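Subject: Structure for you to look at

Hello,

Here is the structure I promised to pass on. Please open it beside this email and follow along.

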Amino acid sequence: MAGTVPIAAGLVVLLAAVAAPAYATDYVVGDSSGWTSGVDYTTWAKGKTFSVGDNLVFQYSAMHTVAEVSSADYSACSSSNSLQSFSDQNTKIALTAPGTRYFVCGTPGHCSGGMKLAVTVSAAATTAPAASTTPPATTPAAPGSDDDTPPETTTPSATTPPATTTAPTTKSTSTSTGGASGGDAKLAMGVLASAAGLVGLALMA
């Protein structure tokens, strides 16, 4: 529990530092002329950027005052209903919120003579912490998944041609039988011719 208190305090300081203006400026009203008669404060304020956190510094003599008034009283040069009034001759007024602030000199006749100032306050510029960019994690490719890896080649398996079966040849017995029968007929004719010859020789004798 004791360790969380310093941590919480550190976070508050960090948030305050982030929300604080990037810089603050003290504007001396009228510059070297100060807060006095004969100065055009509308021209002096033109071109300046007043932000929350800046300060207006009024430097003036004892014959002048600084009165913050409403918009209507500013236009009417009236300080009878001033929001706040100062006569210390060196007044610093903090610009704490966005909007328009109105100031006049409370000495009669001085506001109508030009001792009046209106400033528009803009929101403070904050310094945002730089966003860190973390590169996305890369997953190593699985071996063999790279595009440069040649595809695996498959060797076709040798196929054994189907065994051919030769049917046994059956010799016809009719042809051989016929041949044998013809041989026997020729032999019988030869025997008969020889017998006929012998008979003829016997008759002639």
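Accessible areas here come from the Shrake-Rupley method with a 1.4 Å probe, and for residues only the protein chains shown count as cover. By that method the chain exposes about 14600 Å², of which carbon and sulfur atoms supply 62%.

This is a predicted model, in which local features need pLDDT of at least 70 and side-chain atom pairs count only at pLDDT 80 or more, while totals for chains, interfaces and linings use all residues. Residues are numbered from 1 along each chain as its sequence is written, and side-chain values use heavy atoms, with hydrogens and water left out.

Overall layout

Helices (H or I, at least four residues) and strands (E, at least two) are DSSP runs, numbered from the N terminus. There are four helices and eight strands in the chain, in the order α-β-α-β-β-β-α-β-β-β-β-α from the N terminus on. A residue is called buried under 20% relative accessible area, exposed over 50%, and partly exposed in between (1.4 Å probe, protein chains only). Of the 205 residues, 20% count as buried. Contact means heavy atoms within 4.5 Å. Among contacts with a separation of 6 or more, 70% are between residues 24 or more positions apart.

The cores

A nonpolar core is a set of buried Ala, Val, Leu, Ile, Met, Phe, Trp, Tyr and Cys residues joined through side-chain atoms within 4.5 Å. The largest one has 21 residues, and Val29, Trp35, Phe50, Leu56, Phe58 and Leu117 touch the most other members. Helix 2, strand 3 (55-59) and strand 8 (116-122) each give two or more residues to this core. Apart from it lies another core of six residues, including Val69, Tyr102, Val104 and Cys111. Not counting residues up to four places away in sequence, Leu117 touches several residues, among them Val29, Trp35, Tyr74 and Phe103.

Thr120 is also in strand 8. Is Thr120 buried or exposed? At 53% relative accessibility, Thr120 counts as exposed. Leaving aside neighbours within four places in sequence, Thr120 is in contact with Phe50, Gly99 and Thr100. Thr120 and Thr100 are 20 residues apart in sequence, with their C-alpha atoms 4.2 Å apart.

Two backbone angles

Most residues other than glycine have a negative phi. Asp31, in the loop between strand 1 (26-28) and helix 2 (41-45), has a positive phi near 55°. Asp31 is partly exposed, at 45% relative accessible area. Cys77, in the loop between helix 3 (71-76) and strand 5 (84-86), has a positive phi of about 55°. Cys77 is partly exposed, at 30%.

Regards
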